Protein chains: 2
Amino acid sequence: MSDSPKTEKNEWRKDYLLDRWVIITANRGKRPQEFVRKREEKPSEAGTCYFCPGNEHMTPPEISRVGDGKGSWQIRCFPNKFNAVDLSFPKAYGTHEVIVETPVHGQRLSELSVGHLVKVLGMYAERERKLSENKKLKYVLIFKNEGPAAGASLAHSHTQLVSMDRVPMLVQEEMKAAKKAGGGCPYCKIWKKEKQKKVRVIYENGHAIVFAPYAPRFSFESWLFVKPHRGSLGGMSGKELHAVADALKQVLARMDRLLGNPDYNYYLHTAPLRKKDGDLHFHIEICPRLGIWAGFEFGANSFLNSMAPERAAKALREA
Amino acid sequence: MSDSPKTEKNEWRKDYLLDRWVIITANRGKRPQEFVRKREEKPSEAGTCYFCPGNEHMTPPEISRVGDGKGSWQIRCFPNKFNAVDLSFPKAYGTHEVIVETPVHGQRLSELSVGHLVKVLGMYAERERKLSENKKLKYVLIFKNEGPAAGASLAHSHTQLVSMDRVPMLVQEEMKAAKKAGGGCPYCKIWKKEKQKKVRVIYENGHAIVFAPYAPRFSFESWLFVKPHRGSLGGMSGKELHAVADALKQVLARMDRLLGNPDYNYYLHTAPLRKKDGDLHFHIEICPRLGIWAGFEFGANSFLNSMAPERAAKALREA
């Protein structure tokens, strides 16, 4: 591992655990500002937004909500109308849900208060707990697509939740690699080492830390870890949840400031349902969509990244 | 394997060899025409095209060319100015080249004659052979990005070639899986089985076949195989090269007609340099970029595809 903030020559880097490789193309030497993209067209704003208050009747029947104390809601969960999986699909068993995190159309997640974000994470945890009662379900994948370049087809901010009868290969690979590494949870060591090295750390509070991973697939990719070894949101104390929410707000707000409200995806890597914490260390991987994967990425399943994570972290720390 | 052309319920499908999974979301039931995207802005046409005849002095020094018999060229190869790897980078060793397949700005690969495409493949083979003399190089990845949604930053049609001191993980995984399958080359069996089943075949001639793979990551993804067991273009006879060029033209032309000149990537999967044919069965994977990978894909490393390959193949056959 070379950790110089300025990599002068390009280099291949391997993920901490996975056999996943990236070439840091430092020779392209772009400054962070050059990653600010002219925003693509927002998804059509014409017509009605199904996710706005007042249009609740246009979504499938509500599953859960966090009320606002005035008869309306702050957060709302309902089935995805265009579901990839279904309890009635024998070969694609599961549920596909949408969680609208805010009633305010156009509001970005970074603009929510930490208290509100705690409730969003609480909704994720509540759905995970509820779905874990169905023993045929093995995993809940929670992810967010923000903006058209990140695959969002609707502009109103929302998270998706897919429960399934299997554990995704990527999560299996992480678990396998973690086991192979031996000596307890490798992620516990990874975040501590990153904290010690400092150069890739973006933000830290008492119970959570955000850093740019050593071998990022995306420019400004950021990983958010809860510090204590927890497998899922459901296993966290109130303080830990609050720390994760605070760190999430911090990293998203810094991205928004530095990169001009970029489109991004994030996804939670949590332990499989009903598994002990030993299996995976909860983290959120946040992937700004500033470039486009192309023939190299698909043909090699390796990645080109012109923004060294040391430089990305520095820019996000200072943003 | 279910092969009904009309999958009524969604289903998870696994790649022939890799542990790579896709949900065919047949319930979204889009017709092929609905995949035609309003074209994004073409990459800037303003100013000079570095790849056009007359501007040869604006590229790094030429490596090779196919002349047009009139003092100019049909095909031209030179170093990529924005190279990911370099012979002077100890940690990212290799060469990064550009092959401009046609002097005509705006011409698509599907518009080239089969004879011209044979020469393009010949240039790929020539560069691979030349690079194989450098024993530090282990692999040559050849790929094409067509259009901005496929990551092309220049509009003039071109291929890229990255030689490297390692074999990409994806190719290693394919080789490992092929070995594990036992009983000789599994790809030889796969194309024969697809030919027999017919339902996913798109085009076939004497020495080459194109089909939609059973578990495609992309809508209208198409795989082109040379039928005899060959590891690389260099190992093919003239007739086989001609058959591959003909099949390439056929599938690209069908995609262009059906999908309105879609942006796409393709990449060649060839055997590592100086390896016997036994190691990999040459094929080209063609990936139209009609949708956007998002949180599900990145978080699970599994894929959602709303166009069942049986339907895609039928539409491309008839296009």
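**Two copies and their interface**

Mentor: Let me start with the symmetry: chain B is superposed on chain A by a rotation of 180° with 0.0 Å of shift along its axis, at an RMSD of 0.0 Å. Keep in mind that this is a predicted model.

Trainee: What makes the two copies related as by a two-fold rotation axis?

Mentor: The rotation is 180° and the shift along the axis is 0.0 Å, so the two copies are related as by a two-fold axis. The same surface serves both copies, with 100% of the contact residues of chain B recurring in chain A.

Trainee: How many residues of each chain are in contact?

Mentor: Contact calls for heavy atoms within 4.5 Å. By that test, 52 residues of chain B are in contact with 52 residues of chain A. Together the chains bury about 4200 Å², 66% of it on carbon and sulfur atoms. Trp12(B), Met169(B) and Phe298(B) supply 16% of the area that chain B buries against chain A, more than any other three residues.

Trainee: Why is the pair Glu11(B) and Lys91(A) called a salt bridge?

Mentor: The cut-off between a Lys or Arg side-chain nitrogen and an Asp or Glu carboxyl oxygen is 4 Å. For Glu11(B) and Lys91(A), the closest N and O atoms are 3.6 Å apart, so the pair qualifies as a salt bridge. The count between chain B and chain A is two salt bridges, and there are 12 residue pairs in polar contact, both residues at pLDDT 80 or more.

Trainee: Which element gives the most to the side of chain B that touches chain A?

Mentor: That is α5(B), with five residues. By class, this side of chain B has 28 nonpolar, 14 polar and 10 charged residues.

**A residue in strand β7**

Trainee: Now to Ser163(B), in strand β7 of chain B. How do you know whether Ser163(B) is buried or exposed?

Mentor: Buried means under 20% relative accessible area. Ser163(B) has 0%, so Ser163(B) is buried.

Trainee: And what makes the pairing of the Ser163(B) and Thr95(B) side chains a polar contact?

Mentor: The distance limit is 3.5 Å, and these side chains are joined by a polar contact of 2.6 Å. Leaving aside neighbours within four places in sequence, Ser163(B) is also in contact with other residues, among them Val85(B), Tyr93(B), Leu131(B) and Tyr139(B).

Conventions
Residues are numbered from 1 along each chain as its sequence is written. Chains are lettered from A and ligands numbered from 1 in the order in which they are written. This is a predicted model: local features need pLDDT of at least 70, side-chain atom pairs count only at pLDDT 80 or more; totals for chains, interfaces and linings use all residues. Side-chain values use heavy atoms; hydrogens and water are left out. Buried area is the accessible area (1.4 Å probe) that two parts lose on being put together, summed over both. A polar contact is a pair of N or O atoms within 3.5 Å; within protein, one must be able to donate a hydrogen and the other to accept it, and residues adjacent in sequence count only if both atoms are side-chain atoms. Helices (H or I, at least four residues) and strands (E, at least two) are DSSP runs, numbered from the N terminus. Ala, Val, Leu, Ile, Met, Phe, Trp, Tyr, Cys and Pro count as nonpolar, Asp, Glu, Lys and Arg as charged, and the others, Gly among them, as polar. Copies are superposed by least squares on the C-alpha atoms of residues with pLDDT of at least 70 in both. Buried means under 20% relative accessible area, exposed over 50%, partly exposed in between (1.4 Å probe, protein chains only).
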